[in-house]
Amino acid sequence: MKLDATDLRYITSDEFRVLTAVEMGSKNHEVVPSTLIVQISGLRNGGVNKILGVLAKRNLTAKVQNSKYDGYRLTYGGYDFLAMRAMSKRDSLYSVGNQIGVGKESDIYIVADLEGNEMVLKLHRLGRVSFRAIKEKRDYMGKRKSASWMYMSRLAAQKEWAFMKVLHEHGFPVPRPIDQARHCILMEFIDAYPLRQIDEVPSPGKLYSQLMDLIVRFAQAGLIHGDFNEFNILIRRESGEPIVIDFPQMVSTSHENAEWYFNRDVECIRTFFRRRFRYESAIYPRFKSTLNEGGEAEFKLDVVVAASGFGRREMRVLEEYMESVHKAEGSEVEDEEGEEDEEEEDEEDEDGDGAEHGEEGSTTHHGLGAHLPDVRSSRQSRT
Ligand code: ADP
Ligand code: MG
């Protein structure tokens, strides 16, 4: 889908009001009855119907007729619009450029502020693929069920934002967080290549230690990345410095499966270095000794995050969702929505060594949304 920031500034206040009314109504209704939209917006009936037509034409809402009543639902585009408009109102975002990543559960765009400074906009798309597969099975959000994709995408963005902020504040090499609204995060653009695309480094041993040290630093601050792999490590073009991204699946070292997540992160790096750089080391961090050697850390970031507004309850809801998606993926139920899925299929394996993914059980990618489509088929279950 095309994002257009110039569009953001062309919406009348009544149109905006109606669009917001559709969003509010979506919290309790999968299809928001037109009468309810009129009620929430507080505008005249005739006016609202006309505006609903305009919004649907712009694909911000979609008319749904084949239900018990006539109504509308907010589209991804409508939700994007609301989020980007909020950022634009705060002057953090001004224009939208190219899409640089299509993940299973995120879209990544280059955007800019008023001065033309480049940034990265990450739009979370939970529920794009497997939502229907799990929706019936569990009752995550009670009444919020109907707004599940919006709700889950927003939770993922809030979690990623909360983690990126504390990590950045505590000097971890992560992009500088700039703004967050609804399901979107705005962050510093890193001029880098994903490690996945790098065939040679000056010193694999040095990079290996840097990455293992990062895993240790994370753990001693109370955190495990949970998706620490060659896709989520960017290597700065200038300095070769590794930058870590993609945090919606981070867990605390006090999580019941912490050791398992920790080992998986370590294994990801070991396996990648063995395959890509033929580099192997007997030295790698172990969970228990890492925590013991850490002594009394100055800060426990898992605690800091929990206190920052993204609490345990939200964490739990998101975690359950992710677990069931990965389980449901075993039975591969496709999305009927199908809005944006076609273009994903056309994405190419950027570095052309797709064969690697075919190796049964070899892939270590598993997190939310790889940006390369070939990885999706080999995604692992988290449990
Ligand atoms: P996903 O959840 O889809 O895996 P990521 O956050 O990992 O999303 O981002 C996907 C891709 O987008 C990354 O592999 C990277 O190539 C690019 N990307 C993401 N964030 C940035 C950033 N801040 N600067 C530069 N590139 C980025
Ligand atoms: Mg990623």
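Q: Are Asn232 and Asp246 buried or exposed?
A: The model is a predicted one, and burial is judged from relative accessible area, with values under 20% counting as buried. Asn232 is buried, and Asp246 is buried as well.

Q: What does the side chain of Gln249 reach?
A: A polar contact is read as a pair of N or O atoms within 3.5 Å. The side chain of Gln249 reaches the backbone oxygen of Asp246 at 2.9 Å. Gln249 is placed in the loop between strand E12 (242-244) and strand E13 (251-252). Its relative accessibility is 1%, and therefore Gln249 counts as buried.

Q: How many salt bridges does a search of the whole structure find?
A: The search finds 16 of them. One of these joins the side chains of Arg236 and Glu188, with 3.7 Å from N to O. This pair links distant parts of the chain, since Arg236 is in strand E11 and Glu188 is in strand E8 (residues 184-188), 48 residues apart.

Q: Which residue forms a salt bridge with Asp199?
A: The partner is Arg276, and the closest N and O atoms are 3.7 Å apart. Asp199 lies in the loop between strand E9 (192-194) and helix H8 (204-220), and Arg276 lies in helix H9 (residues 258-277), so the pair ties together parts that are 77 residues apart in sequence. With 55% relative accessibility, Asp199 counts as exposed, whereas Arg276, at 14%, counts as buried.

Q: Which residue forms a salt bridge with Lys288?
A: Glu259 does, with the closest N and O atoms 3.0 Å apart. Lys288 is in helix H10 (residues 287-293) and Glu259 is in helix H9, so that this pair too links distant parts of the chain, 29 residues apart. Lys288 counts as exposed at 53% relative accessibility, while Glu259 counts as partly exposed at 33%.

Q: Which residues are linked in a network of salt bridges?
A: Salt bridges may also be read as a group. Asp80, Asp107 and Arg125 are linked in such a network.

Q: In what order do the 3 strands of the open sheet lie?
A: Strands of a sheet pair through backbone hydrogen bonds, in a parallel or an antiparallel manner. In this case the order is E1-E3-E2, and the pairing is antiparallel. Strand E1 (32-33) and strand E2 (61-64) are the edge strands, each pairing on one side only. Between E2 and strand E3 (residues 71-74) there are 4 bridges, in the antiparallel sense. Within this pairing, Lys63 has Tyr72 in E3 as its bridge partner. Helix H2 (residues 13-25) packs on the sheet and touches E1, E2 and E3, its direction making about 85° with that of E3.

Q: What is the phi of Asn59?
A: Most residues other than glycine have a negative phi. Asn59 has a positive value, near 60°, and is not a glycine. Asn59 lies in the loop between helix H4 (45-57) and E2, and it counts as exposed at 53% relative accessibility.

Q: How many residues lie between E7 and E8 in their hairpin?
A: There are 2, and Arg182 in the turn has a positive phi of about 45°. Arg182 counts as partly exposed, at 23% relative accessibility. E7 and E8 pair in the antiparallel sense over 4 bridges, and Ala181 has Cys184 in E8 as its bridge partner. E7 is mostly covered, with 4 of its 5 residues buried.

Notes: Residues are numbered from 1 along each chain as its sequence is written. Chains are lettered from A and ligands numbered from 1 in the order in which they are written. This is a predicted model: local features need pLDDT of at least 70, side-chain atom pairs count only at pLDDT 80 or more; totals for chains, interfaces and linings use all residues. Side-chain values use heavy atoms; hydrogens and water are left out. Buried means under 20% relative accessible area, exposed over 50%, partly exposed in between (1.4 Å probe, protein chains only). A polar contact is a pair of N or O atoms within 3.5 Å; within protein, one must be able to donate a hydrogen and the other to accept it, and residues adjacent in sequence count only if both atoms are side-chain atoms. A salt bridge is a side-chain nitrogen of Lys or Arg within 4 Å of a carboxyl oxygen of Asp or Glu. Two strands pair if DSSP finds at least two bridges between them. Contact means heavy atoms within 4.5 Å. Axes are lines fitted to C-alpha atoms, for helices over the stretch in contact, and angles run from 0 to 180 degrees between N-to-C directions.
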